[in-house]
Amino acid sequence: MSDKPMKTATKIVSLGREKKYSKGVINPPVFRASTIVFDTMEEMRHAAKNKHNGEMFYGRRGTPTHFGFQAAIAELEGGAGTALYPSGAAAISASLLAFLQAGDHLLMVDSVYEPTRDLCDKVLKGYGIETTYYDPLIGAGIEALIRPNTRVLFVESPGSITMEVQDVPTLARIAHEHGLVVILDNTWASPINSRPFELGVDVSIQAATKYIVGHSDVMMGTATASPQYWDKLREHSYLLGQTTSPDDVYLAARGLRTLGVRMAQHEKNALAVANWLKTRPEVDHLRHPAFEECPGHEFFKRDFSGSNGLFSFVLKRGTVDAVTAMVEGMSHFKMGFSWGGFESLILGVTGIHNIRSATRWDSSKPLIRVHIGLEDPEDLIEDLSAGFVRFNEVMAKETQG
Ligand SMILES: *Cc1c(COP(=O)(O)O)cnc(C)c1O
């Protein structure tokens, strides 16, 4: 075997399928286990000593099904190790709880995934952990918000719904000058479109539910840490009882094998749809990181190697009824939240101003979020085009009335 580093596409196909995980079949099989049994005391001692090193010791610590998938994600993300969780939300809460305790202060990006915001406001607050939200485009201005008790800087880039791309290297550099742990929700990039640890991140989270699983049928989260923080993240997650079913891990690992080709096609299809949307008179601007009009586009160009199927667009004007007429009548786009599968999704998002506190959002202009799936983009454009006809019919009636 050559020692030359593998290219990403090769890694996606090959990592975590070594014989020690797969036992010689192509996909590492499903090992179901609570109890691991030992013949001798010596064997038990050996397993205990090597329980973080590929030896089975206790069901909750994982089996070769888990170990292979963990090794693949750790290497793709570029960290020292990966912990698995039953959802992306669990990966976020366990990562925060590993590095925060009562009396600590957390800096949280204002455009964060809404349930993460709710976790801060409804759960962490009760544990005595205070959160300050910051503008995703704050850059070096983050320094002024750091307090003596600030322990964690949380970034999500691009942000949920409004898609602001953050200057992660600048934020991480300043955070590290003050001894903070930098946690990134890296779900949008997936493990292949950014190099989080090279950008200075300490913990990188994936809602594997999205593009890694890729088929909208499994919930899973991963958190990958740098060598400095891996032991702490792993042990805290273990003590919080975080574990995943080997059946789910099997499906996630199977999804991973096609991540490269799926992402390339999602990106291509989404760019075709986005470019068409740009020509529409109803559209004010796109919130797609690959387009200059998206806030933080320059950081996208610098820090990402590609985009995917998820983006938003803002309309110049529009009533709730008009947006409803558009999104309810689609043929190919379905209404739903959890993206990253092969299918297209559409959402008319209202009330964004209610989930922003460090920045302002003008909710008078409707925002529509789409996930562009693997259908033919011509069919999707036709679908959206018919949607605009319904939208304009309602708008015309309302202005007459
Ligand atoms: C979906 C999502 C999550 C949550 O993942 P679940 O597996 O649904 O819990 C977290 N962060 C981002 C950015 C997401 O899009």
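Predicted model: local features only at pLDDT ≥ 70, side-chain atom pairs only at ≥ 80, totals over all residues.
Figure 1. The size of an interface is often given as the accessible area lost when the parts come together. Here domain 1 and domain 2 bury about 3400 Å² between them, with 61% of it on carbon and sulfur atoms. On the side of domain 1, the residues that lose the most area to domain 2 are Ile161, Trp188 and Tyr211, which together make up 26% of what that side buries. Across the interface of domain 1 and domain 2 there are also 2 salt bridges.

Figure 2. The whole structure holds 8 aromatic pairs, and one of them is the edge-to-face pair of Trp188 and Phe300, whose ring centres are 6.2 Å apart and whose planes stand at 70 degrees to each other. Because Trp188 lies in the loop between β5 (181-185) and β6 (203-207), while Phe300 belongs to helix α11 (residues 297-303), this pair ties together parts that are 112 residues apart in sequence. Trp188 is buried, with a relative accessible area of 5%, and Phe300 is likewise buried, with a relative accessible area of 8%. Trp188 also forms an edge-to-face pair with Phe304, at 5.8 Å centre to centre and 70 degrees between the planes. This second pair links distant parts of the chain, for Phe304 is found in the loop between α11 and β9 (310-315), 116 residues apart from Trp188. Phe304 is buried, as is Trp188, and Trp188, Phe300 and Phe304 form one aromatic cluster.

**Figure 3. Salt bridges at several places in the chain.** A search of the whole structure finds 17 salt bridges, including one between Glu42 and Arg45, in which the closest N and O atoms are 3.5 Å apart. Glu42 and Arg45 are 3 residues apart in helix α3 (residues 41-49), so about one helical turn separates them. The side chains of Arg302 and Asp167 meet in another salt bridge, at 2.7 Å from N to O. That pair links distant parts of the chain, with Arg302 in helix α11 and Asp167 in the loop between β4 (150-156) and α7 (168-177), 135 residues apart. Arg302 is partly exposed, with a relative accessible area of 46%, whereas Asp167 is buried, with a relative accessible area of 11%. Asp284 forms a salt bridge with Lys365, the closest N and O atoms lying 3.4 Å apart; here Asp284 sits in strand β8 (residues 283-287) and Lys365 in the loop between β10 (345-349) and β11 (367-371), 81 residues apart. Asp284 counts as partly exposed at 33% relative accessibility, and Lys365 counts as partly exposed at 30%.

**Figure 4. Arginine side chains over tyrosine rings, with Arg61 and Arg117 in view.** Arg61 lies over the face of Tyr238, at 3.5 Å from the ring centre, and the charged end of Arg117 sits over the ring of Tyr133, 3.9 Å from its centre.

Methods
Residues numbered from 1 in each chain as written. Heavy atoms only, no water. Phe/Tyr/Trp six-rings, centres within 6.5 Å; stacked < 30°, edge-to-face > 60°. Helix = DSSP H or I, 4+ residues; strand = E, 2+ residues; numbered from the N terminus. Buried < 20%, exposed > 50% of the residue type's maximum accessible area, 1.4 Å probe, protein only. Lys NZ or Arg CZ within 6 Å of the ring centre and 35° of its normal. Buried area = accessible area lost by both parts, 1.4 Å probe. Salt bridge = Lys/Arg side-chain N within 4 Å of Asp/Glu carboxyl O.
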